[in-house]
Amino acid sequence: PLAHALHGAGRQVALPETTPRGHPLRFRRWTPDTPMRPGRFGTRFPDGPYAEPDLIFVPLLCFDRRGFRLGYGGGYYDRTLAERPDARAIGFAFSRQEVAFVPTGPYDVALDHVATEHGVITCAKGA
C-alpha cells in the first residue's frame with residue numbers, strides 16, 4: 001500500500017533487489033504496472049531500470065533511540081546505507097520492537113528515524 005500511495009502522489013518508487021551475499025542492495029524503479037521478477041530468498045523485484053534512492057525504508061527486528069537496529073542477519077541494509085550516506089534511512093517497526101540498547105559493530109549504520117504505529121521517532125544518529 002505505501003508504494004502505491006507514494007506512486008499515486010507522484011513520487012518515484014524503487015524496490016530492492018537482493019544481491020549476492022556481501023554486496024549492498026540494488027534498487028529498481030517500480031510502478032504498479034512493472035512486472036516483478038523472482039529474486040533471492042523468495043523475494044521479488046521490479047523488472048525496471050536501476051535507481052539511486054534518496055530515502056530508504058529499512059526493515060528491522062528491534063531498534064533503539066540512537067537509531068541502531070538489528071536486522072535479519074545478512075548485512076544488506078548496513079552495506080547499502082554505508083554506500084549511500086546522503087540517503088535518509090527510516091526504519092519501520094511496531095513500538096514494542098523498541099529496546100533500550102542495541103549492541104553495535106563497526107559496520108552498523110544508524111537510522112535517521114523510525115516510524116511506528118504511534119508516530120515517527122527522530123533518532124540520535126548513533127549518539
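How many residue pairs are in polar contact between domain 1 and domain 2? In this predicted model, the count between the two domains is four residue pairs, both partners being at pLDDT 80 or more. The domain assignment divides the chain into domain 1 (1–52) and domain 2 (54–126).

**Domain interface**

- The centres of domain 1 and domain 2, taken over C-alpha atoms, are separated by 20 Å.
- Domain 1 brings 16 residues to the contact, and domain 2 brings 11 residues.
- About 1,000 Å² of area is buried between domain 1 and domain 2, and carbon and sulfur atoms give 59% of this area.
- Of the area that domain 1 buries against domain 2, 44% is supplied by Pro24, Leu25 and Phe27, which is more than any other three residues supply.
- One salt bridge is found across the interface of domain 1 and domain 2.

**Salt bridge between Glu52 and Arg84**

- The side chains of Arg84 and Glu52 form a salt bridge, with an N to O distance of 3.6 Å.
- Glu52 lies in the loop between strand 5 (50–51) and strand 6 (55–58), and Arg84 lies in the loop between helix 2 (76–83) and strand 9 (88–92), so the pair ties together parts that are 32 residues apart in sequence.
- Glu52 has a relative accessible area of 69% and is therefore exposed, the cut-off being over 50%.
- Arg84 has a relative accessibility of 14% and therefore counts as buried, the cut-off being under 20%.

**Other salt bridges**

- In total, the count for the model comes to six salt bridges.
- Arg65 and Glu98 form one of them, with their closest N and O atoms 2.7 Å apart.
- This pair links distant parts of the chain, 33 residues apart: Arg65 is in the loop between strand 7 (62–63) and strand 8 (69–70), and Glu98 is in the loop between strand 9 and strand 10 (113–116).
- Arg65 counts as partly exposed at 47% relative accessibility, and Glu98 is also partly exposed, with a relative accessible area of 29%.
- A further salt bridge joins Asp78 to Arg69, the closest N and O atoms being 3.6 Å apart.
- Asp78 and Arg69 are both buried.

**Largest nonpolar core**

- In soluble globular proteins, nonpolar side chains tend to be buried together.
- The largest nonpolar core in this model has 16 residues.
- Within this core, Ile56, Val58, Phe63, Leu81, Leu111 and Val114 touch the most other members.
- Strand 6 and helix 2 each contribute at least two residues to the core, and helix 2 provides the largest share, three residues.
- Leu81 is in contact with Ile56, Val58, Ala89, Val109 and Leu111, when its neighbours within four places in sequence are left aside.

- Thr18 is situated in the loop between strand 1 (13–17) and strand 2 (26–30).
- With a relative accessibility of 17%, Thr18 falls under the 20% cut-off and therefore counts as buried.
- Residues up to four places away in sequence not being counted, Thr18 touches Leu25, Arg40, Phe41, Thr43 and Tyr76.

Note on methods: Residues numbered from 1 in each chain as written. Predicted model: local features only at pLDDT ≥ 70, side-chain atom pairs only at ≥ 80, totals over all residues. Heavy atoms only, no water. Salt bridge = Lys/Arg side-chain N within 4 Å of Asp/Glu carboxyl O. Helix = DSSP H or I, 4+ residues; strand = E, 2+ residues; numbered from the N terminus. Buried < 20%, exposed > 50% of the residue type's maximum accessible area, 1.4 Å probe, protein only. Core = buried A, V, L, I, M, F, W, Y, C linked by side-chain atoms within 4.5 Å. Contact = heavy atoms within 4.5 Å. Domains from an automatic or database assignment. Buried area = accessible area lost by both parts, 1.4 Å probe. Polar contact = N/O pair within 3.5 Å; in protein donor to acceptor, adjacent residues only side chain to side chain.
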